[in-house]
Amino acid sequence: MQKIPLLQAGSGMVLARDIVRTENPNGPPICGKGVALTDSLIERLKRMEVTTVTVEGRPVFVEGDKSPEEILTCFDKRFKKVEDDPLTSKLKKVYRNYLVKALGE
Amino acid sequence: MNTRSLPTLPGIITKLNALTNNDKSSVQEMARLVSSDQVLSARILKLANSPSYGFYRVSTISNAMILLGVNVIKSLALSSSIFEIMEKSSVGLWEHSLGAGVAANVIARHLNLPECEEISTAALLHDIGKVIVRLNFGDDYRQLLALVEEKDISMLEAERELLGTDHAQVGAWLATGWNLPDKLIEPICCHHDVKTSENFRIKSSVVHLADILVKASGFGFSGDDLVPRVQPLAWETLGMTEPILEGLIEELEDKLIDTKNFSLEMQGSDESEV
């Protein structure tokens, strides 16, 4: 499951979560999960000011074209100067756990 | 210093025009849009705090918009150089600022802090000094980037080495010159050194942490891709714990996707405009 900007959605992707109106998130869904997106559907969602959709699998690599391993390697690299710092390492650990979980889904 | 020529995103102007032409849109909607551009926000706050208006220190965009009126805001946005073509590095810096604003808002709401909007604004403006350095000293900026690359140091260290000052000081100096309120100046000035923040330490700590989280997420580009050290004082001031941090990160990552969408949209309308 991956949440992606609507602008990066393409036809054929399958919704993993209901789409709800931004201004009324608790109201009835505009489009139910399990629906396959089409170009005309995406166009209509754009007009309804929907900005993100959650789709099945990981069809879009948001950060360039990185695999989950590469995302984690880059993540680790950003922390290379502060490895020795206890607080920053704590933050890194929490953040990394989140990423591993999110990427694993 | 001349800030009249600071570029703003063309996409914002198109959207702002659409909003002002629609009588159903609210000031809050416009404020939300304006708050996505650190340069336009800085100019609006500068104008609202200029002595010729005589308002008492305005610190939020929505207040500034109500005080100045929508037409003034529109002409301010239009007078930024519309045809300035965005370079890759400035999109990165803009995204970094926007991301920090989003992160600060997530932190402030999670911790139930007062003055959320001020905190987000301070975070949005925290790297305004870099915009100034980049626009006014183009050569120096390129040298800075080269130095970051070559010595594998942070932008902050490169600035101190090459310019003898840093973007936090430049930003604070500018914000002071623009008569912005102290609650915005102090976090801009102290976001790399929270202990020097005396009166608004909580706000400075939020901006400090927001900067770190956005750099950790890899969203945007602020000149280098090194996560700064978390300062224990900021951690303590905010009463940060691992479970709170977990919640923050989860919400931030979710929000950053919306932010990325917005950024793509802004750059998209960029191309169709030029």
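Let's start with A:L37, which sits in the loop between β1 and α1 (39–47) of chain A. Keep in mind that this is a predicted model.

**A leucine in a loop**
- Is A:L37 buried or exposed? A:L37 counts as buried because its relative accessibility is 2%, and the cut-off for buried is under 20%.

**Two strands side by side**
- Strand β1(A) is joined by four bridges to strand β2 (residues 52–55) of chain A, and the two run antiparallel.
- If you want to find one of these pairings, look at A:P5, whose bridge partner in β2(A) is A:T52.
- Which way do the residues of β1(A) point? A:Q2 and A:I4 go one way, A:K3 and A:P5 go the other way, and all of them are buried.

**How much of chain A meets chain B**
- How many residues does each chain bring to the contact? Chain A gives 26 residues and chain B gives 32 residues.
- Together, the two chains bury about 2600 Å², with 63% of that on carbon and sulfur atoms.
- Three residues, A:R78, A:L91 and A:Y95, supply 26% of the area that chain A buries against chain B, which is more than any other three residues.

**What holds the two sides in contact**
- Five salt bridges are found across the interface of chain A and chain B.
- One salt bridge to look up pairs A:K93 with B:E242, where the closest N and O atoms are 3.4 Å apart.
- As for polar contacts, the count between chain A and chain B is eleven residue pairs.

**Which parts of chain A do the touching**
- On the side of chain A that touches chain B, β1 (2–5), α2 (68–78) and α3 (86–104) each supply at least two residues.
- The largest share of that side comes from α3(A), with nine residues.
- Sorted by class, the side of chain A that touches chain B has 14 nonpolar, eight charged and four polar residues.

Methods
Residues numbered from 1 in each chain as written. Chains lettered and ligands numbered in written order. Predicted model: local features only at pLDDT ≥ 70, side-chain atom pairs only at ≥ 80, totals over all residues. Heavy atoms only, no water. Contact = heavy atoms within 4.5 Å. Buried area = accessible area lost by both parts, 1.4 Å probe. Salt bridge = Lys/Arg side-chain N within 4 Å of Asp/Glu carboxyl O. Polar contact = N/O pair within 3.5 Å; in protein donor to acceptor, adjacent residues only side chain to side chain. Nonpolar A, V, L, I, M, F, W, Y, C, P; charged D, E, K, R; others polar. Buried < 20%, exposed > 50% of the residue type's maximum accessible area, 1.4 Å probe, protein only. Pairing = 2+ DSSP bridges.
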